[in-house]
Amino acid sequence: GVKIQPVTPDIAESLGLDEAKGAMVTDVPAGPAADAGMKAGDVITSFAGGEVKDPRELVRRVADAPVGEAVDVTVQSEGEPVELKVTLGRRELAEGTGTGKTVDSAKETASDLMGMTLAPLTPEIAAELGVSRDMQGLVVESVDPTGAAADKGLAAGDVITEAGQQPVTSLADLEARVKEARDAGRKSVLIMVRRAGEPRFVALPVE
């Protein structure tokens, strides 16, 4: 009941983890993991008593585990290890694909940060992008092809909904999270990006 992605070295650094390993949770729809208290941004490090090095290994372990049984799962949540019991259900696949849509509304409120032009997401832009009108965040209007955001695969039409594991609804929010990461001596800030509604985490350098 979760969507996962690999933990890259820069994501590990932005979370304060010692090593780049585990499976990072990007989305927890209603289901067994949500019932167990798992959250987006958690990193699954152990499943059924075995270490989880990467998402592929987690998928393999889950496939081998019996459906309907409670399994011990360890996650790193906000820097602390948390033990959860998850009762397994059937696995469904969900893969996000980019829309590649460009956005040109709200130019006057756009601002440049970390190699991209960002503007607050309005219900109108959300409708244009085909995401929920209630979604809050910052929409990427354009990306400097030579900048850090482009290196991390961000594109026009992506929506940034979290930074530093807190919601961002304005440029001031994002700037505050970047400043916090810098002040804490981190090289990067963890952001959640949604493309066509599908979430993933990206660590953006704050130097």
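How many bridges join β2 to strand β3? Two bridges join β2 to β3 (residues 43-47), and these strands run antiparallel; strands are DSSP runs of type E with at least two residues, numbered from the N terminus, and two strands pair if DSSP finds at least two bridges between them. The model is predicted, so that local features need pLDDT of at least 70 and side-chain atom pairs count only at pLDDT 80 or more, whereas totals for chains, interfaces and linings use all residues. Residues are numbered from 1 along each chain as its sequence is written, and side-chain values use heavy atoms, with hydrogens and water left out.

In β3, V43 is the bridge partner of M24. Strand β1 (residues 3-6) is joined to β2 by four bridges, again in an antiparallel arrangement, and I4 stands opposite V25 in β2. Five of the five residues of β2 (residues 23-27) are buried, that is, under 20% relative accessible area with a 1.4 Å probe and protein chains only.

L138 lies in strand β9 (residues 138-143) and counts as buried because its relative accessibility is 0%. L121 is 17 residues from L138 in sequence, with 5.2 Å between their C-alpha atoms. Beyond neighbours within four places in sequence, the contacts of L138 (heavy atoms within 4.5 Å) include L118, V159, I160 and L174.

E13, in helix α1 (residues 9-15), is buried without a salt bridge, defined as a side-chain nitrogen of Lys or Arg within 4 Å of a carboxyl oxygen of Asp or Glu. The nearest side chain of opposite charge, K187, is 4.6 Å away.

Key
Buried means under 20% relative accessible area, exposed over 50%, partly exposed in between (1.4 Å probe, protein chains only). Lys and Arg count as positive and Asp and Glu as negative; His and the chain ends are not counted.
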